[in-house]
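Here is my note on the model you sent, written so that you can follow it with the structure open beside you.

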Amino acid sequence: MTFSATSRRAVRTLAHRNVNWSAPIFKGNPELASYVNTFRSWVAESEAMAEKYSAPPAPIDFTAHKAQIRDQTLSSNLEALYKSATVPAEVYEWSQEDQAMRQEALDEAKATVEQTLKDIDDTTEEIAFLKANRTTRDTCVADLKAVYPDVAEEIDTEINNREWFKDVVGK
């Protein structure tokens, strides 16, 4: 088994181990589920093609084809061309610009994830605070001012400026 096949198998094993494809997050949104299924089928197809084309192609049997072709010079010329041709291996080099662009996108995604996690923590704290300070029949205006200081400040400003119907009457 070649190194690339071994590495693909290791990555496939790790991917199946670390990604729970049956998680509810992949099934909650039909559009996301469609994208996930498309991606999984693409990965499976690429793995099958990688296994299929991992070995060099079998040599062409020109003697079998010579019996089926009327023009023997054509098959002899093709055989000579096939034996004399040397096709260089295709090598892909990842350009520095593309690497920089991908690294920038990766850094941006990491920053977005960090911000999202921070927002989740802030929202969790806000929910806990609001649950602890629920409005009941015993809640007074002072309690509401303590829970919503920005609203209390806006109300006090409107009272001081005598803007009684500011939010009610259209201008």
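The points below go through the salt bridges and then one further residue.

1. Please keep in mind throughout that this is a predicted model. The count of salt bridges comes to 4, and the points that follow take up some of them.

2. The side chains of Glu79 and Lys66 form a salt bridge, with 3.1 Å from N to O. This pair links distant parts of the chain, since Glu79 lies in helix H5 (residues 72–84) and Lys66 in helix H4 (residues 62–66), 13 residues apart.

3. Glu79 also forms a salt bridge with Lys83, where the closest N and O atoms are 3.1 Å apart. Because Glu79 and Lys83 are 4 residues apart in helix H5, about one helical turn separates them.

4. Lys66, at 25% relative accessibility, counts as partly exposed, whereas Lys83, at 62%, counts as exposed.

5. Asp156 and Lys145 meet through their side chains in a salt bridge of 3.7 Å, N to O. Here too the pair links distant parts of the chain, with Asp156 in helix H8 and Lys145 in helix H7 (residues 141–147), 11 residues apart. Asp156 is partly exposed at 33% relative accessibility, and Lys145 is partly exposed at 39%.

6. Glu154 is found in helix H8, which covers residues 149–160, and is partly exposed, with a relative accessible area of 40%. Leaving aside neighbours within four places in sequence, Glu154 is in contact with Lys166 and Asp167.

Methods
Residues are numbered from 1 along each chain as its sequence is written. This is a predicted model: local features need pLDDT of at least 70, side-chain atom pairs count only at pLDDT 80 or more; totals for chains, interfaces and linings use all residues. Side-chain values use heavy atoms; hydrogens and water are left out. Helices (H or I, at least four residues) and strands (E, at least two) are DSSP runs, numbered from the N terminus. Buried means under 20% relative accessible area, exposed over 50%, partly exposed in between (1.4 Å probe, protein chains only). Contact means heavy atoms within 4.5 Å.
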